[in-house]
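Hi,

Here is the structure I said I would pass on.

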Amino acid sequence: MSFGRPPSINVGFKTSPPDRGSFPLDHDGECKEQMMQYMACLRKNSSESTPCRVMSKQYLDCRMTKGLMERDEWRNLGLANLEGDSAE
């Protein structure tokens with residue numbers, strides 16, 4: 001029964017996840033240390049993310065390594081060629 005909605009609402013309806021912006025939560029705290037370092041950097045720099053880009057990259061690398069997000073190229077994430085980072 002439809003109970004007030006059109007009976008065909010579920011026919012052919014397919015959901016798809018967004019390309020970016022949504023990923024599994026780190027329930028087991030596998031990348032908590034990197035996240036805490038990044039958050040401390042943001043607090044130290046008045047929420048300015050530019051000085052914290054290396055820590056952001058470390059955090060995202062942890063997430064990709066642990067399977068908490070899909071692996072992507074650093075240039076697609078805006079983190080290629082960071083100072084002090086080897087060219088990839």
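Below is what I found, going from the overall layout to single residues.

A word on the ground rules first: this is a predicted model, where local features need pLDDT of at least 70 and side-chain atom pairs count only at pLDDT 80 or more, while totals for chains, interfaces and linings use all residues. Residues are numbered from 1 along each chain as its sequence is written, and side-chain values use heavy atoms, with hydrogens and water left out.

**Layout**

The protein chain has two helices and zero strands. Helices (H or I, at least four residues) and strands (E, at least two) are DSSP runs, numbered from the N terminus. Of the 88 residues in the chain, 19% are buried. Buried here means under 20% relative accessible area, exposed means over 50%, and partly exposed is in between, with a 1.4 Å probe and protein chains only. As for contacts (heavy atoms within 4.5 Å), take those with a separation of 6 or more: 48% of them are between residues 24 or more positions apart.

**The two helices**

How do you describe a pair like this? Two packed helices are described by the angle between their axes and the distance between the axes. For α1 and α2, the axes come within 9 Å and cross at roughly 160°. That makes α1 roughly antiparallel to α2. The axes are lines fitted to C-alpha atoms, for helices over the stretch in contact, and angles run from 0 to 180 degrees between N-to-C directions. On that scale, angles under 35 degrees count as roughly parallel, over 145 as roughly antiparallel, 65 to 115 as roughly perpendicular and the rest as oblique.

The crossing of α1 past α2 is left-handed, a label used if the near helix is turned anticlockwise from the far one by less than a right angle (right-handed if clockwise). If you want to see where they meet, look at Q34, M35, Q37, Y38 and C41 on the α1 side, and at M55, S56, Q58, Y59 and C62 on the α2 side.

S56, in helix α2, is worth a click. It has 16% relative accessibility, so S56 counts as buried. Leaving aside neighbours within four places in sequence, S56 is in contact with Y38 and L79. S56 and L79 are 23 residues apart in sequence, yet their C-alpha atoms are 8.5 Å apart in space.

Over in helix α1 you will find M36, which is partly exposed, with a relative accessible area of 41%.

**Disulfides**

A search of the whole structure turns up two disulfides, meaning pairs of cysteine sulfur atoms within 2.5 Å. Counting bonded cysteines along the chain, the pattern is 1-4, 2-3.

One of them links C31 and C62, with sulfur atoms 2.1 Å apart. C31 lies in the segment before α1 (32-44) and C62 in helix α2 (residues 53-65), so this pair ties together parts that are 31 residues apart in sequence. The link is left-handed, with -90° about the S-S bond. C31 and C62 are buried.

The other joins C41 and C52, whose sulfur atoms are 2.0 Å apart. C41 sits in helix α1 and C52 in the loop between α1 and α2, so the pair ties together parts eleven residues apart in sequence. The torsion about the S-S bond is about -90°, so the disulfide of C41 and C52 is left-handed. C41 is buried, as is C52.

**The core**

Which residues form the largest nonpolar core? There are ten of them: C31, Y59, L60, C62, M64, L68, M69, W74, L79 and L82. A nonpolar core is a set of buried Ala, Val, Leu, Ile, Met, Phe, Trp, Tyr and Cys residues joined through side-chain atoms within 4.5 Å. Not counting residues up to four places away in sequence, M64 touches M69, E70, R71, D72, W74 and L77.

**Two loop residues**

Finally, the loop between α1 and α2 holds S46 and S47. Most residues other than glycine have a negative phi. Phi of S46, however, is near 50°, and phi of S47 is near 65°. S46 has 67% relative accessibility, so it counts as exposed; S47 is exposed too, with a relative accessible area of 62%.

Cheers
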